[in-house]
Amino acid sequence: MTIIHNEGQDPIIQIANEFTVIQVSYTSTGQRERLLVSSPRLGFQTLLDPLQLESLTWQPPETFSKLLDTPYGPGTELNARPLSALLGKD
Amino acid sequence: MLRNELRQILEKGLHDVEADWTVPAAIINDPEMHDAERERVFGRSWVFLAHESEIPERGDYVVRYISEDQFIVCRDEDGEVRGHLNSCRHRGMQVCRAEMGNASHFRCPYHGWTYNNKGSLVGVPAGREAYGNKLDKSLWQLKPVPKLDTYKGLIFGCLDPDAQSLDDYLGDMKFYLDIVLDRSDAGLQVVGAPQRWVVDANWKLGADNFIGDAYHTMMTHRSMVELGLAPPDPKFALYGEHVHTEHGHGLGIIGPPPGIPLPEFLGMPENIVEQLQRRLSPEQVEVFRPVAFIHGTVFPNLSIGNFLMSKDHVSPPTSFLTLRLWHPLGPDKMEIMSFFLVEKEAPDWYKEESYQAYVRTFGISGAFEQDDAENWRSITRVLGAQYAKKMELNYQMGRGVYEPDPDWPGPGKAFPMDYAEANQRNFMEYWMQLMVTDPAPHNKNGKVSDAAAAEALTRAEA
Ligand code: FES
Ligand SMILES: [Fe+2]
């Protein structure tokens, strides 16, 4: 674990293993208190409130396996088309 | 198939080891021997992978080897110990490139196939676009170690799905292993990661040295006696018992030299001595009471050293326990992995003293360790040459001197005194038997049939 201190901001906790790096920090705006979990390599982030965090505590390992069904993020509904469809159209 | 020439060397070797107590030098450093050995010895033996205390928490893993195959040995999210081939089912990439870590999931660095630590494939990037979601993930889990089992905290794997059980394989050696592995209620812990280094030597020389070579200490480690780090009698390693069991295992158990008082039970801390007297059988306690050194090898490549030694010339001796793995990298190269273990419940002062005694004697830069490696390098280099390969090596120590000891309270074949080579002959004989036994024929499903495997084993043990 590494703790990253940026002046004037809350510290960021960073944990990593062989497979990825993740950062966690605390954010608050007035009433709202959340944990910001972000993936600097993939560019995703999520803000989790206490109830969401609580729900994590009873998830079996399989839930997380399911979440990793798409290991690089959700991807979007692409309208995939082959390069051949673009050829000869100028 | 074994080339004829190799088969002849081995068959003659098998005859000679019984009749003349010699061993062909060609088994040490020859590329073809080594190729055959990978399949015939490492492909069928139970090989030590890790100690359970190295992966205490869910998700902990280490990467370990059986010959060239590498396995992720991990504790899954349910706490069960598993071993997965470290090779992605897509193109075979190493899934895990760190030698140790903690992960609930492993993500292949090539295309990103992702496995949980039970080995199931759970994620495939662009699964919809690339596979139309039609890839049946349940068919593509990481390959497990064909057989995985543990004995008193030691995790072993075997590549032969039809091999005998680990329990049967260890057989009578368990009586002696228990003395080392099972003497305290909470058991042992490996401290730190194993020390690892590569030596230009054949792995069998390490196994041979630990299984029975008390004799070399007088010459190779003489400087230790001169420095006051080993007992003053240079023949200190003679005063013991030399024991071997089936399947190539063996050990030497050495007591104090005459007239030199040494503490009982390797001078272990009081609380451990109290526990071991309760845990071990009366015969095991009797064997362990006067011990100063235990050196042994579990066939093929796991050795044990439980030694009473001083960390310097003024400190009193402290015992320590090391396991070492002679991992073959080629006919003339091995990686040594040296583990330091200590009873979890031992007091802190003992853990510290014990660790220091280990580091300074049998750690990577330890004095004993360096003395030994230099001999093994030189032997390997010399025996790799054409003319030298044709020699027979002399395994005749103790011939006509010692008869099996009828008074020994433990199992196995025991000889009085530790200057003998019965253990080494037993090791080499079993190794050569495995080498001349052809792998069991495969049936149509590509699986070894049980009957064929059983037959091969009987032949190997005949
Ligand atoms: S080799 Fe592992 S995902 Fe392709
Ligand atoms: Fe030695």
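Q: What area is buried between chain B and chain A, and what share of it do carbon and sulfur atoms give?
A: Keep in mind that this is a predicted model. About 1500 Å² is buried between the two chains, and carbon and sulfur atoms give 51% of that area. On the chain B side, His105(B), Arg107(B) and Arg128(B) lose the most area to chain A, together 39% of what that side buries.

Q: How many residues of each chain are in contact?
A: Contacts are counted by residue, separately for each chain. Here 23 residues of chain B touch 14 residues of chain A.

Q: How many residue pairs are in polar contact across the interface, and which elements of chain B take part in the side that touches chain A?
A: The rule finds nine residue pairs in polar contact between chain B and chain A, with both residues at pLDDT 80 or more. The elements of chain B that give two or more residues to this side are β7 (105-107), β8 (114-116), β9 (121-123) and α3 (127-131). The largest share, three residues, comes from β7(B). By class, this side of chain B has 10 nonpolar, seven polar and six charged residues.

Q: Which side chains meet in a salt bridge between chain B and chain A?
A: Side chains of opposite charge can pair when their charged atoms come close. Between chain B and chain A the count is one salt bridge. Its partners are Lys137(B) and Asp69(A), at 2.7 Å from N to O.

Q: How many salt bridges are there over all chains?
A: A search of the whole structure finds 36. One of the pairs is Arg3(B) with Glu32(B), also listed at 2.7 Å from N to O. Arg3(B) sits in the segment before α1 (4-19) of chain B and Glu32(B) in helix α2 (residues 31-42) of chain B, so this pair ties together parts 29 residues apart in sequence.

Q: Which protein atoms are donors of the iron ion (ligand 2)?
A: The donors are NE2 of His216(B), NE2 of His221(B) and two OD atoms of Asp372(B), lying 2.0 to 2.4 Å from the iron ion. Their spacing along the chain is H-x4-H-x150-D. His221(B) is in the loop between α7 (217-220) and α8 (222-226) of chain B, while Asp372(B) is in helix α12 (residues 367-383) of chain B, 151 residues apart.

Q: Why is the arrangement around the iron ion (ligand 2) irregular?
A: The arrangement is irregular because the four donor atoms subtend angles of 57 to 141°.

Conventions. Residues numbered from 1 in each chain as written. Chains lettered and ligands numbered in written order. Predicted model: local features only at pLDDT ≥ 70, side-chain atom pairs only at ≥ 80, totals over all residues. Heavy atoms only, no water. Contact = heavy atoms within 4.5 Å. Buried area = accessible area lost by both parts, 1.4 Å probe. Salt bridge = Lys/Arg side-chain N within 4 Å of Asp/Glu carboxyl O. Polar contact = N/O pair within 3.5 Å; in protein donor to acceptor, adjacent residues only side chain to side chain. Helix = DSSP H or I, 4+ residues; strand = E, 2+ residues; numbered from the N terminus. Nonpolar A, V, L, I, M, F, W, Y, C, P; charged D, E, K, R; others polar. Donors = N, O, S within 2.8 Å, 3.2 Å for Na, K, Ca; no water. Tetrahedral: all angles 85-135°; square planar, octahedral: opposite > 155°, others 65-115°.
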